[in-house]
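Visitor: I have a model open and want to go through it piece by piece. Can you take my questions as they come?

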Amino acid sequence: MLNLEKNKKYLLACSYGPDSMYLFDLLYKNGYDFEVAHVNYGLREECFQETKDLVEYCNVRNINIHVLNATVSSGKNVESECRNIRYEYFSILVKKFHFDEVLVAHHFDDLLETYLIQKERNNKVVYFGLKDTICIINVQIRRPIIFVKKFQILEYLDKNSIPFAIDSSNLTDSFLRNKIRHLIIEKMSETEKENLYLEIQNRNKELEEIRA
């Protein structure tokens, strides 16, 4: 299922949420060489227990885990601040421990959400949606489950009794991404999602033609 190389050393970005725990289990059961990077932003009371649970989960499976306890302001740009913190941390770990790539558990629904955010903000972009590979702060980022759908992830976790935590901040509509997820994406049929993905593909082809 994962289009990854067995001769590479990976760093898995893991929040202990369902998506990253799904990817964790696939990596573990298929014998990939990987370690875990986890950032505790300290923004929710329950995040400290989540960090503790993930550390224990990794230790039981003899998977090395790197934890950053970050200090984050609670301003309106908190999402951007958290993103910068974690990717800077990934960059430090990659250089120090010589990882080949960082694995991020973005999935198909994330791809659609990102595209709708780009449309809502009327962003000028070089690519619509999410690429399966990208370079951030000189670090190669790969999204190996980008075409896996959210319902498939949840079904897998339930079937295999994989633990995970739900970020309570994702349940509110305080952020644009959450609004799009709850009010649009979660109400779409699978056919509607596929049609939206076709729209994304067509728009990316248009961008390629413009650059040609």
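Visitor: What do the buried residues of helix 5 pack against?
Guide: The buried residues of helix 5 pack against helix 1 (18–29). Helices (H or I, at least four residues) and strands (E, at least two) are DSSP runs, numbered from the N terminus. This is a predicted model, so local features need pLDDT of at least 70 and side-chain atom pairs count only at pLDDT 80 or more, while totals for chains, interfaces and linings use all residues. Residues are numbered from 1 along each chain as its sequence is written, and side-chain values use heavy atoms, with hydrogens and water left out.

Visitor: Which residues of helix 5 are buried?
Guide: In helix 5 (residues 150–159), Ile153, Tyr156 and Leu157 are buried. Buried means under 20% relative accessible area, exposed over 50%, partly exposed in between (1.4 Å probe, protein chains only).

Visitor: Where do they sit around the axis of helix 5?
Guide: The buried residues of helix 5 fall within an arc of 95° seen down its axis, so they line one face of the helix. The arc is that of the directions from the helix axis to the C-beta atoms. On the other side of helix 5, Glu155, Asp158 and Lys159 are exposed.

Visitor: What about helix 7, which residues are buried there?
Guide: Lys193, Leu196, Tyr197, Ile200, Asn204 and Leu207 are buried in helix 7. They cover an arc of only 100° around the axis, which puts them on the same side of helix 7. An α-helix has 3.6 residues a turn, so residues three or four places apart point the same way. The face turned away from the buried side of helix 7 carries the exposed residues Thr191 and Glu209.

Visitor: And what do the buried residues of helix 7 pack against?
Guide: They pack against helix 4 (108–121). Contact means heavy atoms within 4.5 Å.

Visitor: How many residues does helix 7 have, and how far does it reach?
Guide: Helix 7 (residues 190–211) has 22 residues and reaches 32 Å from its first C-alpha to its last, close to the 32 Å expected at 1.5 Å a residue. The expected span is 1.5 Å times one less than the number of residues.

Visitor: Glu194 is in helix 7 too. What does Glu194 touch?
Guide: Not counting residues up to four places away in sequence, Glu194 touches Phe108 and Lys149. Glu194 is partly exposed, at a relative accessible area of 33%.

Visitor: Changing topic. Is Glu50 buried or exposed?
Guide: Glu50 is buried, with a relative accessible area of 9%. Glu50 lies in helix 2 (residues 47–60). Leaving aside neighbours within four places in sequence, Glu50 is in contact with Tyr16, Arg44, Ala165 and Ile166.

Visitor: Where is Tyr16, and what is its phi?
Guide: Tyr16 is in the loop between strand 1 (9–13) and helix 1. Its phi is positive, about 80°, although Tyr16 is not a glycine. Most residues other than glycine have a negative phi. Tyr16 counts as buried, at 7% relative accessibility.

Visitor: What about Asn138, buried or exposed?
Guide: Asn138 is exposed, with a relative accessible area of 72%. Asn138 also has a positive phi, near 60°, and its place is in the loop between strand 5 (133–136) and strand 6 (139–142).

Visitor: Which residue just after helix 5 takes a positive phi?
Guide: Ser161 does, at about 55°.
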